[in-house]
Amino acid sequence: MTRTRQTDTPEDDDFLAAEYVLGVLDLADRSAAEDRLKRDPNFAALVNVWQNRLSGLNDDYAEAPAPNLLPQIEARLFPQPAPAQRRWFGALVGLAFSTIAALGLIAFFALQSPDPSMFASLTAESSGLRFEASIAGNELTLIRSGGAIAAPGKDYELWIIEPDKAPVSLGVLTAERVTIAAPVAKPGYVLAITLEPQGGAPEGKPTGPVVAAGPLQNI
Amino acid sequence: MQGLLYLRAMTDDPIADLLQKIAAQDRAAFRAIYADTSAKLMGVLLRILGNRAEAEDALQEVFTRVWLRANRFDAEKGRGMTWLIALARNHAIDRLRSRHDTSSDDEAMNAVADPAPRAEARLIAHGEARRINECFDTLEADKAAALRGAYLTGTSYLDLAAQFDVPLNTMRTWLRRSLQKLKECMEP
């Protein structure tokens with residue numbers, strides 16, 4: 001039932017924008033409106049105004065329990081990378097890992113969580129800061145085991161770095177011990193903490209100095 | 001997410017802040033926005049699609065698009081939640097139209113059933129909602145109901161006309177006049 005539309009006048013365009021936002025158009029007219037939306041910024045602006053104008057009706061949508069579909073969504077968006085490469089073990093040397101410290105951490109996390117699968121010890125000689133991270137099941141736990149809180153007006157921010165990729169923020173640390181949903185991670189990925197302006201790096205990329213870092217290891 | 005704070009009021013719109021972080025590929029922000037908004041978006045999808053299995057499928061698709069399209073969000077053009085709900089509504093309505101487009105849709109019409117009236121307190125907390133509701137009150141009752149039902153459930157012209165037992169062109173005229181009145185009423 002596609003209608004022949006007279007869309008020359010501003011009033012008609014405005015009405016079409018409202019009809020599109022309302023959702024009353026049939027398939028053919030709706031598809032045509034969507035095409036136009038992509039190539040006509042003026043029309044897109046009209047749609048945006050109607051979207052805002054009618055947004056008060058959104059309060060009428062009641063919340064409904066939603067299952068946690070994140071695992072499926074993330075599996076679709078972030079396919080697992082290839083297994084970690086051995087050259088990352090070279091990087092370990094620089095971080096001065098000792099077998100004794102590693103064994104100590106295993107014992108430490110065995111007491112903390114049921115089934116830790118990976119851990120990392122985040123250190124830096126200059127800062128005196130030390131963090132212990134463990135990933136168990138769906139959770140990543142990070143504990144500050146040495147050093148002080150960030151200076152006033154600053155925050156520590158945790159990042160995960162896949163080899164040869166940009167760091168991805170896991171959030172700003174606000175307590176000595178934090179637990180978050182486990183990120184996609186493999187042995188050889190590096191956890192790093194930077195000192196950022198309060199609230200975290202404004203553009204999602206680290207801006208401050210790395211105050212502690214260490215690679216994830218299988219236990 | 002205890003002990004972690006993603007943002008400290010960069011704007012007065014925490015969802016917009018999360019969207020901006022997602023645009024910068026921040027996966028933690030993506031998880032946070034799922035935690036914060038999935039129940040509301042599930043409510044939207046369920047109301048329009050009227051079927052939980054399809055709504056859950058749509059929810060996956062919507063959040064996939066949130067990740068892929070967050071860079072198109074512009075905080076100067078509207079609130080983060082408005083953008084998210086528009087994304088969810090558009091996807092659900094596209095599904096509804098593709099499902100079938102020729103006959104009156106019993107499933108969709110059953111889903112039109114009005115929910116319980118909103119708590120007054122919620123409206124007071126949302127000046128925008130109160131204003132649109134006041135403007136709806138200036139419309140004739142059946143026209144206001146047609147408009148509201150269309151928005152909330154994505155009902156097509158064809159089904160609206162059947163539901164209100166008027167010819168399709170009459171329904172179109174109703175909506176056009178009602179929308180015009182609504183627009184004038186809401187203009188500052």
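## Contacts and overall make-up

Two residues are in contact if their C-beta atoms, placed from the backbone, lie within 7 Å. Keep that in mind for chain B of this predicted model: of its contacts with a separation of 6 or more, 63% are between residues 24 or more positions apart. In chain A, 60% of the contacts between residues at least 6 apart in sequence join residues at least 24 apart.

What does each chain consist of? Chain A has six helices and nine strands, while chain B has ten helices and one strand. Of the 219 residues in chain A, 37% are buried; of the 188 residues in chain B, 44% are buried.

## Where the two chains meet

How many residues does each chain bring to the contact? Chain A gives 50 residues and chain B gives 66 residues. On the side of chain A that touches chain B, at least two residues come from each of these elements: helix 1 (10-22), helix 2 (27-39), helix 3 (41-53), helix 4 (70-77), strand 5 and strand 6 (177-181). Sorted by class, the residues on that side of chain A are 25 nonpolar, 15 polar and ten charged.

## Helix 1 of chain A

Let's follow one of these elements. Helix 1 of chain A has 13 residues, and at 1.5 Å a residue they should span 18 Å.

Which residues of helix 1 of chain A are buried? They are A:Phe15, A:Leu16, A:Ala17, A:Ala18, A:Glu19, A:Tyr20, A:Val21 and A:Leu22. Their cover includes parts of both chains: helix 2 and helix 3 of chain A, along with helix 8 (141-153) and helix 10 of chain B. Just after helix 1 of chain A comes A:Gly23, with a positive phi of about 95°.

Now for the strands. Strand 4 of chain A covers residues 154-161, and six of its eight residues are buried, so the strand is largely enclosed by the rest of the structure. A residue is buried if 20 or more other C-beta atoms lie within 10 Å of its own.

Strand 4 of chain A pairs with strand 7 (residues 190-197) of chain A in the antiparallel sense, over eight bridges. In this pairing, A:Ile161 is opposite A:Val190. Strand 4 of chain A also pairs with strand 5 (residues 168-173) of chain A, again in the antiparallel sense, over five bridges. Here A:Leu158 is opposite A:Gly171.

## Turns and loops

What lies between strand 4 and strand 5 of chain A? The two strands form a hairpin with six residues between them. A:Asp164 sits in this loop, and its phi is positive, about 65°, although A:Asp164 is not a glycine. Is A:Asp164 buried or exposed? A:Asp164 has 7 other C-beta atoms within 10 Å; a residue counts as exposed with 12 or fewer, so A:Asp164 is exposed.

B:Asp165 lies in the loop between helix 9 (157-164) and helix 10 (168-186) of chain B. The phi of B:Asp165 is positive too, near 55°, in a residue other than glycine. With 8 other C-beta atoms within 10 Å, B:Asp165 is exposed.

Another loop of chain B, between helix 7 (127-136) and helix 8, holds B:Asp137. B:Asp137 is exposed, with 10 other C-beta atoms within 10 Å. How far is the C-alpha atom of B:Asp137 from that of B:Leu182? The two residues are 45 residues apart along the chain, and their C-alpha atoms are separated by 9.7 Å.

## Two helices of chain B

To finish, look at helix 1 (residues 14-23) and helix 2 (residues 27-49) of chain B. These helices pack at an angle of about 145°, with their axes 9 Å apart, and their crossing is left-handed.

Which residues meet here? From helix 1 of chain B come B:Ile15, B:Leu18, B:Lys21 and B:Ile22; from helix 2 of chain B come B:Ala29, B:Phe30, B:Ala32, B:Ile33, B:Asp36 and B:Thr37. By class, this contact has seven nonpolar, one polar and two charged residues.

How values were computed
Residues numbered from 1 in each chain as written. Chains lettered and ligands numbered in written order. Predicted model: local features only at pLDDT ≥ 70, side-chain atom pairs only at ≥ 80, totals over all residues. Helix = DSSP H or I, 4+ residues; strand = E, 2+ residues; numbered from the N terminus. Pairing = 2+ DSSP bridges. Nonpolar A, V, L, I, M, F, W, Y, C, P; charged D, E, K, R; others polar. Axes fitted to C-alpha atoms, helices over the stretch in contact; angles between N-to-C directions. Left-handed = near helix turned anticlockwise from the far one by under 90°. Expected span 1.5 Å × (residues − 1).
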